Amino acid sequence: MKKVLSFLMAFSLLFSTVSATETELNNEEIKNEVVTNEITEEVKATNEEVTENNQENDYKWSAIQPGTTTTSDGIKIDYEYKGTNNQNQHVFGLVYTIPEDYEKETITINPEIFEVIGWAQHNEEKKVPYILPTQTLIVNVTIINKSKYNYNYDKNSFVIYPYTADEQEAINYKRLDSDQKTFNNEDVTELQQFVRTDNVALRNLNLSRSEMSTENIDKALKEKGYKGFEELCKYYLDFFNDFYGYGKNGKNKVTKLSDFTPSEIANGIFGGFTTKYLEENAELIALHFDFTFNYGMGISLGDQKIDDSNQHEYSVGEYMRNESKGDDKIEENIGNLKSNDKKDIDMNFHFSGPLLTNAWQGYKLTGHSHLSYTAAKGNLTVKYVDENGKELADTIYNSEMVGKEYTTEEKEFQYYELLKVEGNKTGIYTEEDTLVVYVYTYVGGTGGDDPDFPRTGIESNNIVEIISMLSLVALGTTILLKKKLM
């Protein structure tokens with residue numbers, strides 16, 4: 001059974017010593033090159049009016065946060081850690097079982113692809129290690145339909161998205177005191193904080209790794225003419241524009257930290273070795289979060305190849321911005337759930353080795369995914385007609401879930417009796433249209449044609465009139481004859 005506590009909602013990343021050492025060496029080279037250079041006054045002045053706001057209309061990663069859903073009541077969820085496959089990839093299992101007595105027309109399934117990894121990491125029996133960059137994790141999602149109904153995938157219903165700020169607070173991570181928003185227009189929280197690294201820009205403030213506290217950064221920035229820690233992002237913008245040569249040789253200046261190249265963000269802004277301090281600047285925390293969910297990590301489906309070269313094409317943000325993303329693989333693998341069917345699909349997490357540097361060490365990831373299904377419907381038509389096809393009552397139209405039982409009823413009509421029934425009076429709805437026709441025969445009365453009455457070609461409703469005319473003719477003949485005899 002599913003037993004998950006709130007702290008298991010997130011899973012953590014860990015980085016190898018090799019990656020940390022390489023980053024340290026790279027940043028030492030950077031330090032030797034630029035630490036003695038002050039930021040040019042020209043660059044600083046040019047960027048004076050630039051504000052880093054991740055929710056401007058032209059923010060490249062903006063996405064709409066979907067409404068949070070939960071798996072439909074009654075569906076059983078089981079977690080499993082399957083070990084590693086022949087490619088040394090960790091494989092996790094999620095099994096969703098639709099029970100025999102499930103009668104609802106719709107199904108919502110939230111593949112808990114983040115939670116199952118966190119569950120395995122915190123489960124002492126499983127002993128799943130922390131995740132390393134360049135690794136691909138596979139979460140196999142299996143759906144077993146034990147109900148008697150067929151369900152079809154709702155087009156464009158699949159999406160992957162992060163936790164809302166409210167959900168993060170619900171698992172005891174408070175909002176930061178800031179107006180800053182993340183790419184999905186949510187508040188920044190403590191969960192999104194990461195360990196500050198001694199990047200080249202901070203070393204340029206003449207601070208050692210152990211000295212890179214918020215207080216010391218604030219003091220050093222004021223000494224350089226900034227307002228202090230609140231303008232750390234502005235300082236980064238000035239520094240890295242200068243360092244990477246923007247604004248020179250026809251190269252336009254970067255006006256947002258998010259517009260530096262992925263490598264410049266990962267190895268510049270978030271480069272270096274970890275300090276003992278958590279980052280407290282809300283803009284940087286949002287950028288780190290946005291970069292993770294829009295570039296550094298991806299989730300492909302089924303047999304889609306994912307690696308360091310293309311994980312950004314399968315980022316969480318891409319699924320949020322493109323409502324049809326993933327539909328083809330969902331349809332192919334788990335699109336139609338027939339009664340007593342079992343289907344599955346792999347969801348493949350990949351974490352970029354070159355981009356997720358030490359600033360992601362111990363970083364906690366949370367998120368949701370969901371998709372929905374609607375029961376296949378069958379149509380039933382019931383007609384009541386006489387032998388000539390004349391309707392004796394309004395046609396009945398019904399639509400119900402394929403597999404549900406139907407029952408039709410004979411009706412009584414004056415001067416008619418049932419002759420035959422075409423189709424099955426009772427049965428189950430199928431994906432093909434069902435037609436049941438009750439055929440009646442006329443047995444006499446003023447309501448219709450008497451089958452024993454001679455067919456003279458004269459309409460029955462004119463007979464009384466014709467007989468009256470014949471009587472008058474006969475009466476007139478009688479009177480004339482009498483006159484002649486007299």
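Four strands line up as an open sheet in the order S16-S15-S20-S18, with mixed pairing; two strands count as paired if DSSP finds at least two bridges between them. Strand S16 (396-401) and strand S18 (416-422) sit at the edges with a single partner strand each, so one side of each has no neighbour in the sheet. On average, neighbouring strands here are turned by 20° against each other, direction ignored. The labels come from DSSP runs numbered from the N terminus, with helices (H or I) of at least four residues and strands (E) of at least two. All of this describes a predicted model, in which local features need pLDDT of at least 70 and side-chain atom pairs count only at pLDDT 80 or more, while totals for chains, interfaces and linings use all residues. Residues are numbered from 1 along each chain as its sequence is written, and side-chain values use heavy atoms, with hydrogens and water left out.

Within that sheet, S18 and strand S20 (residues 434-442) run antiparallel and are joined by six bridges. One example is lysine 420, whose bridge partner in S20 is valine 439.

Now for the other sheet. Five strands make an open sheet in the order S2-S3-S5-S12-S10, and its pairing is mixed. Strand S2 (76-84) and strand S10 (297-301) take the edges, each with a single partner strand, so one side of each is left without a neighbour in the sheet. From one strand to the next, the twist averages 20°. Strand S3 (residues 90-98) pairs with strand S5 (residues 136-145) in the parallel sense, over eight bridges. Here isoleucine 98 stands opposite asparagine 145 in S5. Helix H3 (residues 113-122) packs on this sheet and touches S2, S3, S5, S10 and strand S12 (341-351), its direction making about 60° with that of S2. H9 packs on the sheet too, touching S10 and S12, at about 35° to the direction of S10. For these angles, axes are lines fitted to C-alpha atoms, for helices over the stretch in contact, and the values run from 0 to 180 degrees between N-to-C directions. Contact means heavy atoms within 4.5 Å.

What about the inside? Helix H8 (residues 262-269) has Glu264, Ile265, Ala266, Gly268 and Ile269 as its buried residues. Buried stands for under 20% relative accessible area, exposed for over 50%, and partly exposed for anything in between (1.4 Å probe, protein chains only). The cover over these residues of H8 includes strand S8 (195-197), helix H7 (232-243) and helix H9 (282-296). The largest nonpolar core has 96 residues, of which Tyr236, Ile269, Phe349 and Tyr373 touch the most other members. H7 gives the most to this core, with eight residues. Another core lies apart from it and has 13 residues, among them Leu380, Tyr416, Val436 and Tyr442. Such a core is a set of buried Ala, Val, Leu, Ile, Met, Phe, Trp, Tyr and Cys residues joined through side-chain atoms within 4.5 Å.

Arginine 196 lies in strand S8 and counts as buried, at 1% relative accessibility. Its side chain reaches the backbone oxygen of methionine 212 at 2.8 Å, and a polar contact of 3.0 Å joins it to the side chain of glutamate 279. A polar contact is a pair of N or O atoms within 3.5 Å; within protein, one must be able to donate a hydrogen and the other to accept it, and residues adjacent in sequence count only if both atoms are side-chain atoms.

Asparagine 206, in the loop between helix H5 (200-203) and helix H6 (214-223), has phi near 65°, a positive value in a residue other than glycine. Asparagine 206 is exposed, at 64% relative accessible area. Asparagine 340, in the loop between strand S11 (336-337) and S12, also has a positive phi, near 65°, and counts as exposed at 63% relative accessibility.

Finally, the rings. A search of the whole structure turns up 32 aromatic pairs. Rings of Phe, Tyr and Trp (its six-membered ring) pair if their centres lie within 6.5 Å, with planes under 30 degrees apart called stacked, over 60 edge-to-face and the rest tilted. Phenylalanine 183 and phenylalanine 289 have ring centres 6.0 Å apart and planes at 35°, so this pair is tilted. Both phenylalanine 183 and phenylalanine 289 are buried.
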